[in-house]
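Let me put the model up and talk through the ligand site, then a ring pair.

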Amino acid sequence: MDNCIFCKIAAKQIPSKTIYEDDDLIVFNDINPAAPVHFLLVPKKHVATLADCREEHAALLGKMLLLAPKLAEEQGCGYKADETGEGKGSGGFKTLFNTGPDGGQEVYHLHMHVIGGPHLWRGQR
Ligand code: AMP
Ligand code: ZN
């Protein structure tokens, strides 16, 4: 996609603060963070939205979901379960796909937000 900013980031034509990369994904810090930790998991191959994903994207979506907690941990907002199994545990993060105008999507190249930090959502529910 010629005019897609995330395709350009994946192709290294535009710089980004990359925190992880493999053959399928690039992960970089959001330029306008909503919280102390805010990064985006972005497939290198262009797909416009979550609603455009098909069966063939299942493995990619699974990979994104499984990678999110690992990178959140590395970035300082990992979730720790309560050792007793009774409490809520501590830490944690939001995962978010915005889809379409009513979903608040601004960049039409599939991405998953990971947003975290201490007491981020207190009083905002
Ligand atoms: P969305 O509303 O889900 O489409 O979110 C797009 C996100 O991409 C926003 O949070 C932007 O701050 C972020 N963004 C836009 N351009 C860049 C860029 N060049 N580098 C990093 N993040 C970006
Ligand atoms: Zn793209």
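So, an oxygen atom of ligand 1 lies 2.9 Å from a side-chain N or O atom of Asn 98; I call that a polar contact, meaning a pair of N or O atoms within 3.5 Å. Another one: an oxygen atom of ligand 1 is 2.7 Å from an N or O atom in the side chain of His 111. And on the backbone side, a polar atom of Ile 31 is 3.1 Å from a nitrogen atom of ligand 1. The protein covers 86% of the 510 Å² of accessible area that ligand 1 has on its own (Shrake-Rupley, 1.4 Å probe).

Quick caveats: this is a predicted model, local features need pLDDT of at least 70, side-chain atom pairs count only at 80 or more, and totals for chains, interfaces and linings use all residues. Side-chain values use heavy atoms, without hydrogens or water, residues are numbered from 1 along each chain as written, and chains are lettered from A and ligands numbered from 1 in written order.

Who's around the ligand? There are 16 residues, with Asp 30, Glu 106, Val 107, His 111 and His 113 coming nearest; "around" means a heavy atom within 4 Å.

Now the rings. Phe 6 and Phe 28 have centres 5.4 Å apart and planes at 80 degrees, so they're edge-to-face (centres within 6.5 Å to pair; under 30 degrees is stacked, over 60 edge-to-face, the rest tilted). Phe 6 sits in α1 and Phe 28 in strand β2, 22 residues apart.

Key:
Polar contact = N/O pair within 3.5 Å; in protein donor to acceptor, adjacent residues only side chain to side chain. Phe/Tyr/Trp six-rings, centres within 6.5 Å; stacked < 30°, edge-to-face > 60°. Helix = DSSP H or I, 4+ residues; strand = E, 2+ residues; numbered from the N terminus.
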